[in-house]
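Look over the sequence and the model, then read on.

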Amino acid sequence: MDKSVPNRRSKTAQTTWGGLALAALVAIYSFARPAIDQQMGWNLPAVKPAALVGDKPVVDTRERELVHGLLRDLGNERYLSPAGLLFTRGGAEGHRLDHLERHTRDDPTRPGKHGVFDGGMPGALKTIDRAYDRAKAGERTTKEIDQGRTIYTVDLGGRVGYVGGRVGNRQSKPMARRVRIVLDKDRVITAYPM
Amino acid sequence: MPSSPKHSINHCPICGDGLCGIRICGMRDDVPHGLVVCDECEAIWLQPDTTAEHQYPDAEEPRCPTCQRPLWGAESRWATWDDCSELGWLDAIVPQLDIRTDEDWV
């Protein structure tokens with residue numbers, strides 16, 4: 001019994017130091033993240049503090065319910081991104097998300113170019129949201145308006161995917177750093193890297 | 001890819017990477033009519049000429065501007081060679097933009 005006391009104290013001390021080290025790393029990461037994102041053109045995830053009820057952390061279950069880890073389900077097959085983009089029914093595939101999914105993989109037989117996002121659907125959606133945030137701020141963006149459709153071309157300053165299709169494959173799939181987004185108001189019609 | 005056009009007349013002059021594919025609509029009513037639709041931005045031309053006026057369908061309930069049936073419904077499809085022949089639009093097809101499978105290249 002007596003022997004266990006020093007061990008427990010030692011473990012408690014280790015735990016305390018480990019916790020402090022972890023807290024320091026989290027603090028450094030949180031402080032440096034915006035600068036890294038800006039410098040590298042990345043979109044690193046934010047560290048969110050857990051809410052507490054009494055002394056127990058409360059897990060935010062809404063995050064688990066997000067579609068592709070990002071989109072809020074508004075019902076009636078409408079999904080809202082954090083930047084304010086709506087993905088709704090429509091298009092040849094039946095839903096804009098299904099069309100977007102085509103741009104998460106190459107289509108080597110497609111004539112011309114076919115932009116492919118890195119990171120599957122979660123990566124594509126994060127990149128599109130980042131591009132839309134930049135577009136709204138007017139950063140590295142060209143904007144055309146045509147009969148109610150808005151076409152943004154946004155330079156994200158770093159790789160967001162590659163150019164596939166017949167042309168892209170002939171050129172060994174060059175890197176894409178720009179994103180083209182076609183919108184009807186805030187509804188996404190299509191988006192692809194280029 | 002069932003949602004890609006079989007025969008196209010151009011790359012989309014509006015969005016760039018889209019294919020302006022030929023669709024045939026109104027098949028069940030026996031009054032078939034042709035459309036050119038961009039498979040990315042959904043711009044529509046009523047004749048096989050992308051320098052002509054274009055229009056856009058409703059974003060959530062896209063309909064054919066000619067017959068008001070659902071643009072992507074059972075009434076219409078990406079036109080086959082025979083469909084294009086029936087429409088009299090064969091001359092507008094740019095063969096380099098045809099969707100081909102690997103077998104077609106052999």
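B:Gln68 lies in the loop between strand E4 (44-45) and strand E5 (77-78) of chain B. Helices (H or I, at least four residues) and strands (E, at least two) are DSSP runs, numbered from the N terminus. This is a predicted model, in which local features need pLDDT of at least 70, side-chain atom pairs count only at pLDDT 80 or more, and totals for chains, interfaces and linings use all residues. Residues are numbered from 1 along each chain as its sequence is written, while chains are lettered from A and ligands numbered from 1 in the order in which they are written.

B:Gln68 is not a glycine, yet its phi is positive, about 65 degrees. Most residues other than glycine have a negative phi. B:Gln68 is exposed, because 8 other C-beta atoms lie within 10 Å. The cut-offs are these: buried means 20 or more other C-beta atoms within 10 Å of the residue's own, exposed means 12 or fewer, and partly exposed is in between, with C-beta atoms placed from the backbone.

B:Pro65 is also in the loop between E4 and E5 of chain B. B:Pro65 is partly exposed, because it has 16 C-beta neighbours inside 10 Å. Leaving out residues up to four places away in sequence, B:Pro65 touches B:Ile44, B:Leu46 and B:Gln55. Contact means that the C-beta atoms, placed from the backbone, lie within 7 Å. The C-alpha atoms of B:Pro65 and B:Gln55 are separated by 8.6 Å, and these residues are 10 apart along the chain.

Chain A has a positive phi at A:Arg140, about 45 degrees, although this residue is not a glycine. A:Arg140 sits in the loop between helix H4 (120-137) and strand E7 (141-146) of chain A. A:Arg140 counts as partly exposed because it has 15 C-beta neighbours inside 10 Å.

## Strands of chain A

Strands pair if DSSP finds at least two bridges between them.

| Strand pair (chain A) | Bridges | Facing residues |
|---|---|---|
| E6 and E9 (residues 161-164) | four bridges | A:Phe117 and A:Gly161 |
| E7 and E8 (residues 149-155) | six bridges | A:Asp146 and A:Arg149 |
| E8 and E11 (residues 178-184) | seven bridges | A:Thr153 and A:Arg180 |

E6, E9 and E10 of chain A form an open, antiparallel sheet in the order E6-E9-E10. Its edge strands are E6 (114-117) and E10 (175-176), each of which pairs on one side only. The hairpin of E7(A) and E8(A) has two residues between the strands, and A:Gln147 there takes a positive phi near 50 degrees.

## Where the chains meet

How many residues of chain B are in contact with chain A? The number is 25, and they meet 25 residues of chain A. The chain B side divides into 11 nonpolar, seven polar and seven charged residues. Here Ala, Val, Leu, Ile, Met, Phe, Trp, Tyr, Cys and Pro count as nonpolar, Asp, Glu, Lys and Arg as charged, and the others, Gly among them, as polar.

## Confidence

pLDDT is the predictor's confidence in each residue, from 0 to 100. Chain A has a mean pLDDT of 84, and 71% of its residues reach 70 or more. Over residues 48-53 of chain A the pLDDT is below 50, and this stretch has seven contacts in the model beyond near neighbours in sequence. Residues 1-6 of chain A stay under 50 and have zero contacts beyond four places in sequence. Where pLDDT is low, the predicted coordinates should not be read in detail.

Note on methods. Contact = placed C-beta atoms within 7 Å.
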